[in-house]
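Consider the sequence and the coordinates together. The paragraphs below go from the sheet to the helix across it, then to single residues and ring pairs.

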Amino acid sequence: EPKDYDDHTVHYLEQVSSLVALAINNLLSRQALAGEEEQLRALTALSIQLSERSANMLRSLHDERSAIEAVLEINAALAATKLDLKQMFPAVSKSLSRAIPHDTAFINVWNEEECNYLVFAKGGQEFAFAPAGMVLPAERAFTSQVLERFPNGAVVRRAELEAAAPRFEVVRSALESGIVCWCAVPLRSADRLGGGLYLGSR
């Protein structure tokens, strides 16, 4: 029985994705900075931005205790991992699972120069259809289609997944693994699209 993802789930996940997108954007900017002092300044600025955005989210979620706790944990996780994506994403997924139960989770990070997505995944061996580190060219990535059709995110259910399966190998493999529903939202910061965040359920 799939988890009951709905518009409320999409809205909540979209708010969380804005935190993650902000962190990824700062990570990419920080990697471009040469000096240690500049990197430290960028990290300090990110910490302030994350705190401000988290405060705004908390105000909008005042009635939802588990959602609030998850936001606080995610904010702490983003800071604690020092923007190392390999550490950051499992920490985010673990915190998210308290507010939105899911069987697997992915972040597809967009690489503008190469026109592809780099996959960061959390899910066990049974969900090895898109392993962490996998590179998906834009034309082979279901993410491109989802973000084009649903720029603000959506719940993608079995019928649509089955329709997309012949074209997208990852979608086909996910269905074969029992994942029949995805909550998908863009990773978007102020000046760039960073990719997509997915939660999948049986």
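Strand S5 (residues 181-189) is mostly covered, with 8 of its 9 residues buried. Buried here stands for under 20% relative accessible area, exposed for over 50%, and partly exposed for what lies in between (1.4 Å probe, protein chains only). Strands (E, at least two residues) and helices (H or I, at least four) are DSSP runs, numbered from the N terminus. The model is predicted: local features need pLDDT of at least 70, side-chain atom pairs count only at pLDDT 80 or more, and totals for chains, interfaces and linings use all residues. Residues are numbered from 1 along each chain as its sequence is written, and side-chain values use heavy atoms, with hydrogens and water left out.

S5 has a partner on either hand. Strand S4 (residues 154-156) is joined to S5 by 3 bridges, and the two run antiparallel; Ala154 stands opposite Ala184 in S5. Between S5 and strand S6 (residues 192-201) there are 9 bridges, again antiparallel, and here Val185 faces Leu197 in S6 as its opposite residue. Two strands count as paired if DSSP finds at least two bridges between them. S6 in turn pairs with strand S1 (residues 104-111) in the antiparallel sense over 6 bridges, where Gly196 in S6 is the bridge partner of Asn108.

What is the order of the strands in the open sheet? The 6 strands follow one another as S3-S2-S1-S6-S5-S4, with antiparallel pairing. Strand S3 (135-137) and S4 stand at the edges with a single partner strand each, so one side of each has no neighbour in the sheet. From one strand to the next the twist averages 25°. Such angles are taken between N-to-C directions and run from 0 to 180 degrees, the axes being lines fitted to C-alpha atoms, for helices over the stretch in contact.

Helix H5 lies across S1, strand S2 (116-122), S4, S5 and S6, and runs at about 105° to S6. In H5, the residues Phe142, Thr143, Val146 and Leu147 are buried. Seen down the axis of H5, its buried residues fall within an arc of 125°, so they line one face of the helix. The arc is that of the directions from the helix axis to the C-beta atoms.

Asn108 is found in strand S1 and is buried, with a relative accessible area of 6%. A polar contact of 2.6 Å joins its side chain to that of Thr143. A polar contact is a pair of N or O atoms within 3.5 Å; within protein, one must be able to donate a hydrogen and the other to accept it, and residues adjacent in sequence count only if both atoms are side-chain atoms. Leaving aside neighbours within four places in sequence, Asn108 is in contact (heavy atoms within 4.5 Å) with residues including Tyr117, Thr143, Leu187 and Tyr198.

Pro186 has its place in strand S5 and is buried, at 2% relative accessible area. Its C-alpha atom is separated by 9.0 Å from that of Thr143, 43 residues apart along the chain. Among the residues in contact with Pro186, neighbours within four places in sequence aside, are Ser17, Leu147, Pro151 and Gly196.

The aromatic rings come next. Rings of Phe, Tyr and Trp (its six-membered ring) pair if their centres lie within 6.5 Å; planes under 30 degrees apart count as stacked, over 60 as edge-to-face and the rest as tilted. The count comes to 4 aromatic pairs. Trp110 and Tyr117 form a tilted pair, 4.8 Å centre to centre with 50° between the planes, and both residues are buried. Phe142 and Phe168 form a tilted pair at 5.4 Å and 55°. This pair links distant parts of the chain, 26 residues apart: Phe142 is in helix H5 (residues 142-149), and Phe168 is in the loop between helix H6 (158-164) and helix H7 (169-176). Phe142 counts as buried because its relative accessibility is 11%, and Phe168 because its value is 3%. Ring pairs also link Phe106, Trp182 and Tyr198 into a cluster.

Arg172 is found in helix H7 and is partly exposed, with a relative accessible area of 33%. A polar atom of the Arg172 side chain lies 2.8 Å from the backbone oxygen of Ala165.
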